[in-house]
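Subject: Structure handover and notes

Hello,

Please find the structure below, with notes on what turned up in it. The terms are given with their cut-offs where they first come up.

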Amino acid sequence: MQLNLQILPIQSLTMASTPKILAFAGSTRIESYNKKLVKIAAAGAQAAGAEVTYVDLRDLSLPLFDEDLEAQEGLPANARTLKDLLISHQGLLIASPEYNSSLTAVLKNAIDWASRPSPNEAPLAAFAGKVATIMSASPGALGGLRGLVHLRSILGNIKVLVLPDQIAVSKAFEAFNPDGTFKDPKQQESIEKLGEGLTKILLKLN
């Protein structure tokens with residue numbers, strides 16, 4: 001399967017100072033609210049001067065993590081692709097649906113595979129030292145907030161610096177326009193600012 005990566009255009013910063021951000025959602029559903037959400041944050045990051053790559057985990061189908069499988073066949077090709085993408089970007093924008101008060105299986109599985117060590121590679125090479133902004137959208141009243149607690153804990157334990165600003169969008173089924181933007185301009189702006197804020201932090205770190 002051909003991997004569908006969307007690389008948004010770069011603004012007028014030099015390549016040396018341009019932050020690279022990887023954006024994705026913890027969902028494989030085509031009309032996922034969280035895919036729409038993270039694309040809005042990605043647009044905010046791009047407008048602030050970042051180079052943003054959006055990847056759909058639907059295009060990176062992975063088996064359930066299995067150490068026996070890993071021992072027999074090595075890292076799956078799609079896990080290697082995801083890991084290489086993570087390694088080559090300094091920042092992460094992650095939108096996480098909430099399933100049963102936690103993050104989704106597809107997101108946890110992707111993190112688990114990408115965290116696996118490779119020969120002659122530093123531990124947690126795909127995650128250590130990265131800076132992340134997390135967000136969620138859910139039909140429920142809490143907007144996926146409980147899942148973000150777990151995601152923040154997992155990322156922190158694998159040496160990702162997770163920024164304190166986050167947004168959980170409730171009643172997501174009525175929040176979006178058909179084109180994927182928010183019906184409420186203030187809500188649209190607040191999500192764009194998540195991407196902008198991550199970009200500004202990365203620029204300072206650069």
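Which backbone oxygen lies 2.9 Å from a polar atom of the side chain of lysine 35? It is the backbone oxygen of arginine 29, a polar contact in the sense of a pair of N or O atoms within 3.5 Å, where within protein one must be able to donate a hydrogen and the other to accept it, and residues adjacent in sequence count only if both atoms are side-chain atoms.

Before the rest, the conventions. This is a predicted model, in which local features need pLDDT of at least 70 and side-chain atom pairs count only at pLDDT 80 or more, while totals for chains, interfaces and linings use all residues. Residues are numbered from 1 along each chain as its sequence is written, and side-chain values use heavy atoms, with hydrogens and water left out.

Lysine 35 and helix H1

Lysine 35 is found in helix H1; helices (H or I, at least four residues) and strands (E, at least two) are DSSP runs numbered from the N terminus. At 5% relative accessibility, lysine 35 counts as buried, where buried means under 20% relative accessible area, exposed over 50% and partly exposed in between (1.4 Å probe, protein chains only). Not counting residues up to four places away in sequence, lysine 35 touches Ala25, Ser27, Thr28, Arg29, Ile30, Tyr54, Asp56 and Arg58; contact means heavy atoms within 4.5 Å.

H1 itself covers residues 33-47 and reaches 22 Å from its first C-alpha to its last, close to the 21 Å expected. The expected span is 1.5 Å times one less than the number of residues. Eleven of the 15 residues of H1 are buried, so the helix is largely enclosed by the rest of the structure. Those buried residues include Lys36, Val38, Ala41, Gly44 and Gln46, and they pack against E2, strand E3 (51-55), E4, E5, strand E7 (167-169) and helix H6 (185-205). At the start of H1, a side-chain oxygen of serine 32 comes to within 3.1 Å of the backbone nitrogen of asparagine 34. After H1 comes glycine 49, with a positive phi near 115°.

Helix H6

The 21 residues of H6 should span 30 Å at 1.5 Å a residue, and the end C-alpha atoms are 30 Å apart, which agrees. Gln188, Ile191, Leu194, Gly195, Leu198, Thr199 and Leu202 are its buried residues. Their cover includes E2, H1, E4, E5 and E7. At the start of H6, a side-chain oxygen of aspartate 184 reaches to within 2.9 Å of the backbone nitrogen of lysine 186.

Nonpolar cores

A nonpolar core here is a set of buried Ala, Val, Leu, Ile, Met, Phe, Trp, Tyr and Cys residues joined through side-chain atoms within 4.5 Å. The largest one has 29 residues, of which Phe24, Leu86, Ile94, Ile111, Phe127, Leu151 and Leu155 touch the most other members. Two or more residues each come from strand E2 (20-25), helix H3 (77-87), strand E4 (91-95), helix H4 (105-114), strand E5 (131-137) and helix H5 (145-157). H4 gives the largest share, five residues. Apart from this core lies another, of 27 residues, among them Ala45, Val52, Ile191 and Leu202.

Helix pairs

The axes of H3 and H4 come within 9 Å and cross at roughly 80°. That makes H3 roughly perpendicular to H4, a label for angles of 65 to 115 degrees; under 35 counts as roughly parallel, over 145 as roughly antiparallel and the rest as oblique. Axes are lines fitted to C-alpha atoms, for helices over the stretch in contact, and angles run from 0 to 180 degrees between N-to-C directions. Ala79, Leu82, Lys83 and Leu86 of H3 meet Ala110, Trp113 and Ala114 of H4.

H4 and H5 have axes that come within 12 Å and cross at roughly 0°, and are therefore roughly parallel to each other. Leu107, Lys108 and Ile111 of H4 make the contact with Leu151, Ile154 and Leu155 of H5.

Two further residues

Serine 115 lies in the loop between H4 and E5, and its side chain reaches the backbone oxygen of aspartate 112 at 2.7 Å. Glutamate 70 lies in helix H2 (residues 67-73) and, at 15% relative accessibility, counts as buried. Phe65, Trp113 and Arg116 are what glutamate 70 touches, not counting residues up to four places away in sequence.

Regards
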